[in-house]
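Subject: Handing over a structure

Dear colleague,

I am passing on the structure below, and I would be glad if you could look it over while reading my notes. The notes follow after it.

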Amino acid sequence: YSGSSGQMVFWAPVTGGTPPNSKYPRSELRQVSPSDWSLAGTHTLTATCKVTKVPSNGRVIIGQIHGNASGSEVCKLLWNNGAVEFRYKTDARVEQGFNLGNYSVGTTLNYTIRCSNKAITVTVNGRSATRTYSNSMWQSDRYYFK
């Protein structure tokens, strides 16, 4: 927490510890209320952030919709060497993406990740992309924002 400005600063040193199921260190928030939800409802995460430092691979996950099953990250908002991408899964192993703009380190990013009736729309600084998850493989899991 950064004093009276109300800002939070997250930092994950590249040499830091990792959780059991990942090789990447992290610093994150996880949605806990309301409890995990299905893709059929409407759920929205809105935030403002700045990526101020990046590791040598140039990649930072800014936000995501994560499920409880293995490989269930249906949406990632990814900083990739300055390109901000909406990354989505076509199945549990294959990830594709939309470029939502190229930004310099330190640029303010206003973003929204919205899931509404099996469609996920990601908007960054006014640019949007949508992916629909109608395949039955995505319907049995429960999801949350990270």
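The protein chain holds zero helices and nine strands, where helices (H or I, at least four residues) and strands (E, at least two) are DSSP runs numbered from the N terminus. Read along the sequence, the order is therefore simply β-β-β-β-β-β-β-β-β. Please keep in mind that this is a predicted model, in which local features need pLDDT of at least 70 and side-chain atom pairs count only at pLDDT 80 or more, while totals for chains, interfaces and linings use all residues. Residues are numbered from 1 along each chain as its sequence is written, and side-chain values use heavy atoms, with hydrogens and water left out.

**Overall form**

The C-alpha atoms of the protein chain fill a box of roughly 40 × 35 × 30 Å, taken along the principal axes. The radius of gyration of the protein chain is 15 Å, which agrees with the value near 15 Å for a compact globule of 146 residues; the radius is taken over C-alpha atoms, and the globule rule is 2.2 Å times the number of residues to the power 0.38. Of the 146 residues, 35% count as buried, a term that means under 20% relative accessible area, with exposed meaning over 50% and partly exposed in between (1.4 Å probe, protein chains only). The accessible surface comes to about 8,500 Å², of which 48% belongs to carbon and sulfur atoms; accessible areas come from the Shrake-Rupley method with a 1.4 Å probe, and for residues only the protein chains shown count as cover. Among the contacts with a separation of 6 or more, 52% are between residues 24 or more positions apart, contact meaning heavy atoms within 4.5 Å.

**Two residues and their surroundings**

Phe 145 lies in strand β9 (residues 143–145) and counts as buried because its relative accessibility is 7%. Leaving aside neighbours within four places in sequence, Phe 145 is in contact with residues including Leu 29, Trp 37, Leu 45, Ile 65 and Ile 113. The C-alpha atoms of Phe 145 and Cys 75 are separated by 9.4 Å, although these residues are 70 apart along the chain.

Glu 73 is found in the loop between β2 (59–67) and β3 (75–80), and at 18% relative accessible area this residue is buried as well. Again leaving aside neighbours within four places in sequence, Glu 73 is in contact with Gln 64, Ile 65, His 66 and Lys 89.

**Cysteines**

A search of the whole structure finds zero disulfides, a disulfide being a pair of cysteine sulfur atoms within 2.5 Å. Cys 75 is in no disulfide, and the nearest cysteine sulfur, that of Cys 115, is 9.0 Å away. Cys 75 is buried because its relative accessibility is 0%, and Cys 115 is likewise buried, with a relative accessible area of 0%.

**Salt bridges**

Six salt bridges are found in a search of the whole structure, each being a side-chain nitrogen of Lys or Arg within 4 Å of a carboxyl oxygen of Asp or Glu. One of them joins the side chains of Asp 36 and Arg 30 at 3.2 Å, N to O; Asp 36 is buried at 18% relative accessible area, whereas Arg 30, at 36%, counts as partly exposed. Lys 76, Glu 85, Arg 87 and Glu 95 are linked in a network of salt bridges.

**Surface and backbone**

Met 8, Phe 10 and Leu 29 form a nonpolar patch on the surface, with about 310 Å² of accessible area together. Patches are made of residues with over 30% relative accessible area and no salt bridge, like charges being joined within 9 Å and nonpolar side chains (Val, Leu, Ile, Met, Phe, Trp, Tyr) within 5 Å. Phe 10, in the segment before β1 (42–50), is partly exposed at 40% relative accessibility.

Finally, Lys 118 has a phi near 75°, a positive value in a residue other than glycine, and lies in the loop between β6 (108–116) and β7 (119–124). Asn 125, in the loop between β7 and β8 (127–132), also has a positive phi, near 45°.
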